[in-house]
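Look at the model first, then read on.

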Amino acid sequence: MMAQIIDGKLIARNLRQNIRKEVEQYIGQGFRKPGLSVILVGDDPASQIYVRNKEKACEKTGFESTIYKLPADIAKDDLFDLIYKLNQDPTVDGILCQLPLPQHLPKQEVIEAIDPGKDVDGFHPINSGRLFSGIDSLLPCTAAGIIKMLKSIDFQFSGKKALVIGRSNIVGKPTAILLLNENCTVTIAHSKTRNLAVLCRQADLLVSSAGKENFITPEFTNPEQVIIDVSINRNATGKVVGDVDFAKVEPVVKAITPVPGGVGPMTIAVLLENTLIAYRNHLKLYEL
């Protein structure tokens, strides 16, 4: 029996449509558009694609988006001056600084320079702390998108064994906390974890962000398992693939996300949702 394919493109499209309807209602009431400012430092090809996709998504949902393309050798103080200016701009609801940054720019300092109320990536330590404490916050987009995908297939979280491969602040840790908040029993695995295949086979839910092509094979799975493949890798022919050996694993699990077309579209859709939440907070609007 073939697995249920969790269609991230469809779920993301539905979320974007709902966001657009809400934005149109606010604009119809005389309010300004939500504003998202994206900072792109340097000319990393993957980052340029991501930023272009975010810009297109903003246009489709009725947001005002501004892209700041900065040279790779920009001075730290000049970057921080821009961030501080955007922090003070009342028409800017969300600020995103596209990662990775050139080596001379301190990533953590840049993240912490962004106003937590405009941190639509959900990376600021204040938002991370609120997430950890179970307080409403702007959530990391990929982690929040994963929860939405699971809810779309009516995944029953409570009591389920969830294994998250990867412990990054962007995906692994926040995903684990959100799953814990949904009453899963959560294990985080990483490069030093022993007997990983055995642990994976015991999991009802496997979330993989290892960043390795064909890393998850049938020996990591069980027939009742749901797999969320977070990673975006390029194989030897340049094709975009995830961590899962999809052709071999898809027939032997309950449900799975494809790559591309799975988690990726959800990340951008949740970024828009975070911007809408920040917009509501800034203008003290009620959710429609």
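## Helix α2 against α10

Helices α2 (residues 45–61) and α10 (residues 263–283) have axes that come within 10 Å and cross at roughly 55°. Therefore α2 and α10 are oblique to each other. The contact (heavy atoms within 4.5 Å) uses N53, K54, A57, C58 and T61 of α2, with I268, L271 and L272 of α10.

This is a predicted model: local features need pLDDT of at least 70, side-chain atom pairs count only at pLDDT 80 or more, and totals for chains, interfaces and linings use all residues. Residues are numbered from 1 along each chain as its sequence is written, and side-chain values use heavy atoms, leaving out hydrogens and water.

## Helix α1 against α2

Helix α1 (residues 8–28) also packs with α2: their axes come within 8 Å and cross at roughly 50°. Therefore α1 and α2 are oblique to each other. On the α1 side, R16, I19, R20 and V23 take part; they meet A57, E59, K60 and T61 in α2.

## Residue Q98

Q98 lies in the loop between β4 (94–97) and α4 (107–113). Q98 counts as buried because its relative accessibility is 7%. Buried means under 20% relative accessible area, with a 1.4 Å probe and protein chains only.

Q98 touches I39, L40, S47, Y50, V51 and K54, not counting residues up to four places away in sequence.

Note on methods: Helices (H or I, at least four residues) and strands (E, at least two) are DSSP runs, numbered from the N terminus. Buried means under 20% relative accessible area, exposed over 50%, partly exposed in between (1.4 Å probe, protein chains only). Axes are lines fitted to C-alpha atoms, for helices over the stretch in contact, and angles run from 0 to 180 degrees between N-to-C directions. Angles under 35 degrees count as roughly parallel, over 145 as roughly antiparallel, 65 to 115 as roughly perpendicular and the rest as oblique.
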